[in-house]
Amino acid sequence: MRHLLFLHLLGASVWVGGHLVLLFGVLPRAMRKRDPQPVRNFEQIYERIGIPALLVQIGSGLWMASLWLPYAEWLGDSPVAHLVQAKLVLLGFTALLGVHARLALIPKLDAQRLPQLGLHIVLITLTAVAFVWVGAGFRFGGLW
Ligand code: HEM
């Protein structure tokens, strides 16, 4: 369990840290210059470490969740089940945002679509931070 949690925290650092750098470091510069290129450059470098980190989160997360609760109880009504459900909803949202970015946004990225890209980056970063909030809930027995 300790090794799983270690991997999970390492992956969380990469995923959340990378998106915070993108939101607060790279995006403002792109908006100021009205040029999506800095975001594109960042994505190109970050992708190679961000996607493996997300896969680590999913693998270690599902595994740890199965240690907290047997699969049959994941859809139940207990506080821990609610945390697992919240993680799964956030994962679904992350996947939707990712697919939308990859298929709809990034291929046609130009200065006009920058605000849309900005909203997208805000949403994925908020989702990443929410993952951490929900994750911390396991230790404290609930979402709040
Ligand atoms: C990018 C996505 C994710 C991030 C950033 C993230 C982040 C975190 C963090 C910071 C913790 C707190 C660990 C602690 O108690 O010290 C945590 C715990 C946890 N996460 Fe995630 N998580 C992510 C995805 C997932 C997914 C997809 C699942 C699958 C259900 C999951 C399941 C869990 C479980 C079961 C714990 C409790 C671990 C424990 O303390 O025993 N996580 N997560």
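**Stop one: a histidine and its partners**

Select H8 and S60: their side chains make a polar contact with each other, at 2.8 Å. Keep in mind that you're looking at a predicted model. Now color residues 2-33, which form helix α1, and you'll find H8 in that stretch. Is H8 buried or exposed? It's buried: its relative accessible area is 14%, and the cut-off for buried is under 20%. Next, show the residues H8 touches, leaving out those up to four places away in sequence: Q57, S60, G61, M64 and K87.

**Stop two: the iron**

Which residues coordinate its iron atom? Look for the NE2 atom of H8 and the NZ atom of K87, at 2.0 Å. H8 belongs to helix α1 and K87 to helix α3, so this pair ties together parts that are 79 residues apart in sequence. Like H8, K87 is buried. For six octahedral donors, the ideal angles are 90 or 180 degrees.

**Stop three: the cores**

Now select W15, L22, V39, L117 and I121. In the largest nonpolar core, which has 19 residues, these touch the most other members. Helices α1, α2 (37-68), α3 (79-105) and α4 (114-140) each give two or more residues to this core, and the largest share, 7 residues, comes from α1. Zoom in on W15, whose contacts beyond four places in sequence are Y46, G50, L54, T94, I124 and A128. Last stop: apart from that core lies another, of 12 residues, including W74, A81, V84 and F131.

Terms used. Residues numbered from 1 in each chain as written. Predicted model: local features only at pLDDT ≥ 70, side-chain atom pairs only at ≥ 80, totals over all residues. Heavy atoms only, no water. Helix = DSSP H or I, 4+ residues; strand = E, 2+ residues; numbered from the N terminus. Buried < 20%, exposed > 50% of the residue type's maximum accessible area, 1.4 Å probe, protein only. Polar contact = N/O pair within 3.5 Å; in protein donor to acceptor, adjacent residues only side chain to side chain. Contact = heavy atoms within 4.5 Å. Core = buried A, V, L, I, M, F, W, Y, C linked by side-chain atoms within 4.5 Å. Donors = N, O, S within 2.8 Å, 3.2 Å for Na, K, Ca; no water.
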